[in-house]
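Hi everyone, thanks for coming. Let me put the structure up on the screen, and then we can walk through a few of its side chains together.

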Amino acid sequence: NKLIINRYIMEKEIKYSTGQLWALTLLRVLIGWHFLYEGLIKFYTPGWTAKAYLQNTTGPFAPLFKSMTESETVLRCVDLMNEWGLILLGLGLFLGICSRYCKIFGIVLLLFYYLAYPPFASLGVNVHVEGSYWVVNKNLIEMAALFLLCWFPSSHITGLDYFVRRFRFKQEARRL
């Protein structure tokens, strides 16, 4: 019963053309590489901390971000979550493993970055920053790309999620 339902679901999946599959996979891998690179740079930079970034935030959530620098414990947690969050999300997207969760958490992380320095004209500070073009900036574009990848997943075909999925399917088939 479950086996029949799972087999039906696996056979009824959206079929992508080769070009679509390449494009979706390339987009996922590139975003993964970007996250991984940013995380590794932070990890391997001696004394790196998000303190200055958080203290200089602008926008409606600036008080929240600035308050994170008042406690060394909270700041260290923020630093660790930043470093390891970027590394793990990057690896997940790059390799295509647990990619659904990586996409969702990637969107959340990018939303925090976006809210820390929102590119709104009324703030004036970020208006002329490279990659920040009034409301739209590179964080928003990358969030949109991850959202697109959530709607058109490919890692179950071209990533390690493919092997995880097949393993689970075989395990379930054995139980029945």
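Let's begin in helix α2, residues 18-44, where Lys42 and Glu38 sit four residues apart, so about one helical turn separates them. Helices here are DSSP runs of H or I, at least four residues long, numbered from the N terminus. Lys42 and Glu38 form a salt bridge, with their closest N and O atoms 3.4 Å apart. By salt bridge I mean a side-chain nitrogen of Lys or Arg within 4 Å of a carboxyl oxygen of Asp or Glu. The structure holds one of these. Lys42 is buried at 15% relative accessible area, while Glu38 is partly exposed at 28%. Buried is under 20%, exposed over 50%, and partly exposed in between, using a 1.4 Å probe and protein chains only.

A word on the source: this is a predicted model, where local features need pLDDT of at least 70 and side-chain atom pairs count only at pLDDT 80 or more, while totals for chains, interfaces and linings use all residues. Residues are numbered from 1 along each chain as its sequence is written, and side-chain values use heavy atoms, leaving out hydrogens and water.

Now, which residues have the most contacts inside the largest nonpolar core? They are Ile31, Phe35, Leu93, Leu110 and Leu146, in a core of 17 residues. Such a core is a set of buried Ala, Val, Leu, Ile, Met, Phe, Trp, Tyr and Cys residues joined through side-chain atoms within 4.5 Å. Two or more residues each come from α2, α5 (72-95), α6 (99-116) and α7 (138-151), and α6 gives the largest share, five residues. Ile31, leaving aside neighbours within four places in sequence, contacts Leu93, Glu142, Ala145, Leu146 and Leu149; contact means heavy atoms within 4.5 Å.

My last stop is Asp161, in helix α9, residues 161-175. Asp161 is buried yet has no salt bridge, and the nearest side chain of opposite charge, Lys103, is 6.6 Å away. For charge, Lys and Arg count as positive, Asp and Glu as negative, and His and the chain ends are not counted. What does the Asp161 side chain make a polar contact with? One partner is the Ser99 side chain, at 2.9 Å, and another is the Ser155 side chain, at 2.8 Å. A polar contact is a pair of N or O atoms within 3.5 Å; within protein, one must be able to donate a hydrogen and the other to accept it, and residues adjacent in sequence count only if both atoms are side-chain atoms.
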